[in-house]
Amino acid sequence: MVHFMYKKLSMPKNIDYKVLDKRIEFELNKEGSKIQYFNVSSNYVDDLISSFGEYAKHFHTSFVNIQANVPPHTDIVDKVNINFYIETGDYKTTFYKSGDDTFKFTYADHGEGHAYDMEGLEEIGSFVATPGDTYILNGKIIHGVYSNNPLPRKFLQVSTNDLDYEIVLDLVNKLCYTT
């Protein structure tokens, strides 16, 4: 059962949005590939967050642009992400569990994110999103994103830093967005 790692959601395929200014970017490799986070405006996403009621204050939004493989890691700050995929670049998102001797290291000067050496990791689930798909992901489970032909991967993201995956999944379930 993969529902503790990720779950495909039943959301509208075409969501209104406007990309605003760049908020932050990180280099992913020696070739200079980056992951970029932009502020975003979206009536649909704002309405979704509002529908979470008292929990709405725990969410923030981004437009994310990546054109590179992302090695196994846990997210730096975000605990849970809801990704609305716009361009997917044939990337496969794979989740792992680690052994006791798996090498990990901190990859940022803030938050709780770690990157992991592939040796000692065991695959426990994966998915390949297509444009228009929406997934909820547990950012604290080790995951990596790979494509044999890295094309742009772009998505709207609704994230929380302090709510657990089960709480966010329950909020989404109450709105009848799960399949």
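## Lysine 8 and aspartate 133

Lysine 8 is partly exposed, at a relative accessible area of 35%. The model in which this value was computed is predicted. Lysine 8 forms a salt bridge with aspartate 133, with 3.5 Å between the closest N and O atoms. Lysine 8 belongs to strand 1 (residues 6-9) and aspartate 133 to the loop between strand 10 (121-127) and strand 11 (134-138), so this pair ties together parts that are 125 residues apart in sequence. Aspartate 133 is buried, with a relative accessible area of 4%.

## Lysine 13 and aspartate 133

Aspartate 133 also forms a salt bridge with lysine 13, and here the closest N and O atoms are 3.5 Å apart. Because lysine 13 sits in the loop between strand 1 and strand 2 (18-27) and aspartate 133 in the loop between strand 10 and strand 11, the pair ties together parts that are 120 residues apart in sequence. Lysine 13 counts as exposed, at 52% relative accessibility.

## Lysine 79 and aspartate 164

A salt bridge links lysine 79 to aspartate 164, with the closest N and O atoms 2.8 Å apart. Lysine 79 is in the loop between strand 5 (70-73) and strand 6 (80-87), and aspartate 164 is in the loop between strand 13 (153-160) and helix 2 (165-174); the pair therefore ties together parts that are 85 residues apart in sequence. Lysine 79 is partly exposed, with a relative accessible area of 25%. Aspartate 164 is partly exposed as well, at 37%.

## Network and total

Through shared partners, salt bridges join Lys8, Lys13 and Asp133 into one network. The count of salt bridges comes to nine.

Note on methods
Residues are numbered from 1 along each chain as its sequence is written. This is a predicted model: local features need pLDDT of at least 70, side-chain atom pairs count only at pLDDT 80 or more; totals for chains, interfaces and linings use all residues. Side-chain values use heavy atoms; hydrogens and water are left out. A salt bridge is a side-chain nitrogen of Lys or Arg within 4 Å of a carboxyl oxygen of Asp or Glu. Helices (H or I, at least four residues) and strands (E, at least two) are DSSP runs, numbered from the N terminus. Buried means under 20% relative accessible area, exposed over 50%, partly exposed in between (1.4 Å probe, protein chains only).
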